[in-house]
Amino acid sequence: MVLPLTNKHILIVEDEQVFRSVLVGYLRSLGAQTSEAVNGLLALSAVEEVNPDLILCDLAMPEMNGIEFVEHLRLQGIQIPVLVISATDKMADIAKVLRLGVQDVLLKPLTDLNRLREAILECLYPNMFTSQAIEEVELLKDWDALSKNPSEAVRLLKQLQPPVQQTIAHCRINYRQLTTAESPGLVLDIAALSDKDLAFYCLDVTRAGDNGILAALLLRALFNGLLQDHLANQQHRLPQMSALLKQVNQLLRQGKLEGQFPLLVGYYHAEYKNLILVSAGLHASLNTGDNQIQLSTGIPLGTLGAAYMNQINQRCEAWQCQVWGSGGRLRLMLSAE
């Protein structure tokens, strides 16, 4: 009989020796080869040595924790599937690793090894499983609780906002909210996709009631993974942003989130110096020093079954973008190093 994990090599990144031994024994009983590392720093070396098919990773570890480890992997362009197994009770940590593209999060204590087996098989053979993306996101296991407690959803969203200044993908990037309000209006998220490119989006959460906040949390969990999938199919590493927004529109409908969701999405490749901006319902003005371009609004997501948007594409080493809608106004600035 062929065991389900025959010819698969799994790297276990876990500092608890007893639990690590349990995982090793169980995985080998399913036919897998295993390697072990007690922290993220050692795991980076192990990835180079064994090139595993799957990584099981804890979050709380010495030297380099699981979040930092996954960040290093993704910034190096390494897309090995990662299954997080952690005792964390912090939704912000779960949301962050999901945004980095981990396939699933299992919470300790892990008493059901059949659930672990199922999660591993889903990571290794994703095409064999037909569950929709929304059902696969661990963040959404508390979706009902967040839906019934809007103030908790707002608190979580505020915790997840990016720093106003940071350097990612060899670019200095900062933003400023030009209007202030007690409740969220324009929600911004920025993340590196590799050491050469980054993506961002701005969502107006004021035109869908409480669903605006839930839509922002959904995007936090799914956006990077969706864009990475699109990039994987592009030979020239420039994504088809219109296709991405259509997929987001479908996910909002699948999540039964009603309302209007004005959204602006951007992608910048630091090596090509190429900026793509797409708007579905937000006003934007782009200043590259040499040119000033107005981006017309398009139609907010959630309005129609299809997505209608406008796009501009510019080559530039530095730029400023002002974005505005009913939720306020902000300015985003970038300069390549």
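## Ground rules

Residues are counted from 1 along each chain as its sequence is written. Since the model is predicted, local features need pLDDT of at least 70 and side-chain atom pairs count only at pLDDT 80 or more, while totals for chains, interfaces and linings use all residues; side-chain values use heavy atoms, leaving out hydrogens and water.

## Helix α10

Let's start with α10, which covers residues 241-254.

Which residues of α10 are buried? They are Met241, Leu244, Leu245, Val248, Asn249, Leu251 and Leu252. (Buried means under 20% relative accessible area, exposed over 50%, and partly exposed in between, using a 1.4 Å probe and protein chains only.) Looking down the axis of α10, these buried residues fall within an arc of 160°, so they line one face of the helix. The arc is taken from the directions from the helix axis to the C-beta atoms. An α-helix has 3.6 residues a turn, so residues three or four places apart point the same way.

## The largest cavity

Searching the whole structure turns up three cavities of 30 Å³ or more. (A cavity is a set of points on a 1 Å grid over the protein atoms alone where a 1.4 Å probe fits but cannot get out; lining residues have an atom within 4 Å of a point.) The largest has a volume of about 50 Å³, volume being the space filled by probe spheres set on the points, which are joined across faces, edges and corners.

Where does this largest cavity lie? Both domain 1 (9-131) and domain 2 (150-336) give residues to its lining, so it lies between them. The domain bounds come from an automatic or database assignment. Among the lining residues are Arg74, Arg99, Asn224 and Gln228, and helix α9 (residues 210-232) gives the largest share, three residues.

Most residues other than glycine have a negative phi, and most peptide bonds are trans. Asn51, in the loop between α2 (40-50) and β3 (54-57), has a positive phi near 45°, and Asn51 is exposed, at 57% relative accessible area. His170 has a positive phi of about 60° and is partly exposed, at 46%.

The peptide bond from Lys108 to Pro109 is cis, with omega near 0°. Pro109 sits in the loop between β5 (104-107) and α5 (113-124).

Conventions. Helices (H or I, at least four residues) and strands (E, at least two) are DSSP runs, numbered from the N terminus. The expected span of a helix is 1.5 Å times one less than its number of residues. On a 1 Å grid over the protein atoms alone, a cavity is a set of points where a 1.4 Å probe fits but cannot get out, and a pocket is an open set with protein on both sides within 12 Å along at least five of seven lines; lining residues have an atom within 4 Å of a point.
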